[in-house]
Amino acid sequence: MFIVFEGIDGSGLTTQSKILGKYLEKRGKKVFLTKEPTENLIGKIIRKILKGQRKLNQETLALLFAADRSMHMDIIKERLKDSFVICDRYYFSNYAYQMLDVDIEYLIQINSRFLKPDLTIFLNVPPEVCKKRIDENREHIEIFETLETLERIKKNYLEIMERFRREGFNIAEIDGNRSIEETHEAVVKYLEKYIK
Ligand SMILES: Nc1ncnc2c1ncn2[C@@H]1O[C@H](COP(=O)(O)OP(=O)(O)OP(=O)(O)O)[C@@H](O)[C@H]1O
Ligand SMILES: [Mg+2]
């Protein structure tokens with residue numbers, strides 16, 4: 001089963017991916033925890049750009065993400081043969097972040113050949129709360145992490161999630177504006193019917 005976590009920066013994606021991984025392992029499931037951008041060749045370039053160390057236009061960045069995902073796809077497909085794959089961000093992140101500057105139809109087109117997630121969990125957290133979490137916990141602030149940008153990205157996410165839900169994607173919106181444990185419980189509750 002291919003599970004994806006999505007949300008704005010600081011919404012708890014990495015935290016919840018890890019906890020869910022541990023939870024499933026405790027129940028005897030084989031788990032492969034992964035994230036985008038990856039730690040592979042192209043993912044490393046993307047990280048430099050996100051930190052602001054390199055400048056690049058958003059369309060080129062979107063193509064780099066797609067190239068990184070193309071490499072990632074092979075690994076994910078292999079792991080899906082015997083594991084639950086939990087992916088911390090996937091193409092919805094590209095849609096929500098890059099549609100600020102790039103035509104959404106083009107973004108969807110360059111990602112159209114990639115695997116459809118079985119379940120997507122959108123962690124819904126107010127941008128102010130996310131900004132506070134980021135400021136309190138991190139030394140480096142990335143290019144998208146201003147309050148104004150986070151607000152725009154969140155709006156994009158809601159729009160995108162609605163569109164893909166209509167197209168038959170299984171997308172859950174979970175309130176992540178509460179404790180790590182409470183959020184995790186809500187995630188598990190949603191997943192219960194799928195992970196017998
Ligand atoms: N429910 C929560 N309540 C309070 N703090 C939280 C909660 N979830 C995560 N945090 C803290 O907020 C920070 C950001 O969380 P996390 O790294 O999981 O977010 P993320 O969505 O992966 O963000 P990023 O975009 O930076 O990867 C971390 O320091 C984490 O410990
Ligand atoms: Mg993270």
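**Exercises on a predicted fold**

The largest nonpolar core has 38 residues, and those with the most contacts inside it are Ile 3, Tyr 95, Ala 96, Ile 121, Phe 122, Leu 123 and Tyr 157; such a core is a set of buried Ala, Val, Leu, Ile, Met, Phe, Trp, Tyr and Cys residues joined through C-beta atoms within 7 Å. The model is predicted, so that local features need pLDDT of at least 70 and side-chain atom pairs count only at pLDDT 80 or more, whereas totals for chains, interfaces and linings use all residues. Residues are numbered from 1 along each chain as its sequence is written, while chains are lettered from A and ligands numbered from 1 in the order in which they are written.

**Exercise 1.** Determine which elements each supply at least two residues of this core.

*Solution.* Take the strands, which are DSSP runs of E with at least two residues, and the helices, runs of H or I with at least four, both numbered from the N terminus. The strands that each supply at least two core residues are β1 (2–6), β3 (84–88), β4 (119–124) and β5 (171–175). The helices that do so are α1 (13–26), α3 (58–80), α4 (91–98) and α7 (147–166).

**Exercise 2.** Decide whether Thr 120 is buried or exposed, and list its contacts.

*Solution.* Thr 120 lies in strand β4. A residue is buried if 20 or more other C-beta atoms, placed from the backbone, lie within 10 Å of its own, exposed if 12 or fewer, and partly exposed in between. Thr 120 counts as buried because it has 23 C-beta neighbours inside 10 Å. Contact requires C-beta atoms, placed from the backbone, within 7 Å; leaving out residues up to four places away in sequence, Thr 120 touches Val 4, Glu 6, Phe 92, Phe 169, Asn 170 and Ile 171. Phe 169 stands 49 residues from Thr 120 along the chain, and their C-alpha atoms are separated by 8.0 Å.

Notes:
Two residues are in contact if their C-beta atoms, placed from the backbone, lie within 7 Å.
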